Amino acid sequence: MRSAFEAYTAPKKEIPRSVYLTVSAFVGISVLAGWCILSYGGFVRPDFLPTPADVVWAGVSGLQDGSLLLNTAVSVGEIMAGFILASIAAVPLGILMGSFKIVEAAIEPVTNFVRYLPVSALIPLLILWVGIDMSEKITVIFIGTLFQQLILIADVSRGVSHDLLDVSYTLGADRRTVVTRVLVPATMPGVMDTLRVTLGWAWTYLVVAELVAANKGLGYFILNSMRGLFTDQIFLGITVIGLLGLLTDQLFKAFRNWLLPWAAEN
Amino acid sequence: MAKLEIENVALRFLPRGGKPVTALEGITLAVEKNEFAVIVGPSGCGKSSLLRLVAGLIEPTTGIIRLDGKAVTRPGKDRGMVFQSYTLFPWLTVQENVEFGLRVGGVPAEERRKTARHFITEVGLEGFERSYPRQLSGGMMQRVALARALANDPEILLMDEPFGALDSQTRSLMQELLLKIWEHAQKTVLFITHDIDEAIFLGDRVHVMTARPGRIKEMVEIDIPRPRSVEVLTEPKFIALKRRIMGLIHEEAVRAMA
């Protein structure tokens, strides 16, 4: 009989669900407990580290005066607009780029150049060109997301097996049919994974853009709270972003499994 | 006129920044109607390339390939192919996979369904019509691939080591199944393998290829009566043929190593 320690520390081995949940809960509760001890115990000044209750109250008052919902709605709207626009362009272009050398030759050099530019470096230029309203945030997200998506989706498309295309030709499919009925569906799981990952990155670009110049949105809310030393509100803003990320990720996963049952993840 | 004629075909290519490679040289070969022809050769002899040439997926550098007297220039549904790798469309069910060629060819839904059902039964997969490929074993996937190729009613069936990735028990069952189907369907088959037992068990004639550049070294008639069952594997005639082909291949393998 092996000891529990031995059984639970083997690489790439399953552990019981109960153990898994216990460990997750233990770490979560410990972090919360550490926070309580530091804040309620008076070890850290409240303007550095608010108590959990302060953050909850900041949330309640934010909900009451409508500012929390407004700022969240603005951020979510900007993210969605930028992300969807980028995806509409990146999915077809990326698929073509990975499977047609001529498209790769046209787009890949430019993409690789832009991809290595931190989007934050473009923000001053974009402010000059587009202004500081919503369209600037959307542009930042669009540029930041598009080029990453292009490279990742091109890789997915490149990875589609040649034999899958060849067998389609021997079944009588013409080139157009092979692209629409074989290449495109074959890339879908990888495309969905790419979208899910890049949606997370889009949040980063958004908050950066809102920290630089904005008068609405969660990034602005956080920055503005810092100016008044409202640490509880800073924590609130961060928590909301984290929860939104978690929520969109779960929604995306459910959407993928619904759309692609043949490639469903557990 | 033979069903398939391969005339003096050569295949050369130039790897980027390398010396030109001659993969195939002076290949001449004929396959008769309803014949089960097998090509066997050491790995790297270009036998897969030869099959892709017949499929029209690549073009020969010189020479000509004719099916029913018509030159092959591009892939077409008259030459169905089964690959060694698993090539089922993962997003389609078994039924939809088998229907794919018919669907692309504009066959009406009802007829499509009937034809697909027939071949799914033929390969022994009734009850799996609605399964997705990832729910199937390797042997089952290759049976679906075979049904998919047959549903299109090709003039010739091209098989590129289709059982190469399967375990030996499954492989031998698949060989028997393939012979049974071939006897029903009256098809011309060009089958590629490096497995000598498989070549003799299946083939009417076995063409032995040389190491690169691949040529046809010798053609061996397999005069073992049909229908064949696994018992023939231990018959003296089988063993004699095996010894002969092994000798031919061994010479080539040694030459390729040198």
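What share of the 266 residues in chain A is made up of buried residues? The figure is 33%. A residue is buried if 20 or more other C-beta atoms, placed from the backbone, lie within 10 Å of its own.

## The model

This is a predicted model: local features need pLDDT of at least 70, side-chain atom pairs count only at pLDDT 80 or more, and totals for chains, interfaces and linings use all residues. Residues are numbered from 1 along each chain as its sequence is written, while chains are lettered from A and ligands numbered from 1 in the order in which they are written.

## Chain A

Chain A has 11 helices and zero strands. Both are DSSP runs numbered from the N terminus: helices are H or I, at least four residues, and strands are E, at least two. The radius of gyration, taken over C-alpha atoms, is 23 Å for chain A, well over the 18 Å that the globule rule gives for 266 residues, so chain A is more spread out than a compact globule. That rule is 2.2 Å times the number of residues to the power 0.38.

An automatic or database assignment sets the domain bounds. Chain A gets domain 1 (4-44) and domain 2 (56-263). Their C-alpha centres lie 32 Å apart.

## Where the chains touch

The contact takes 15 residues from chain A and 20 residues from chain B. Two residues are in contact if their C-beta atoms, placed from the backbone, lie within 7 Å. On the chain B side, β6 (79-82) and α2 (94-104) of chain B each give two or more residues.

How values were computed:
Buried ≥ 20, exposed ≤ 12 C-beta atoms within 10 Å, placed from the backbone.
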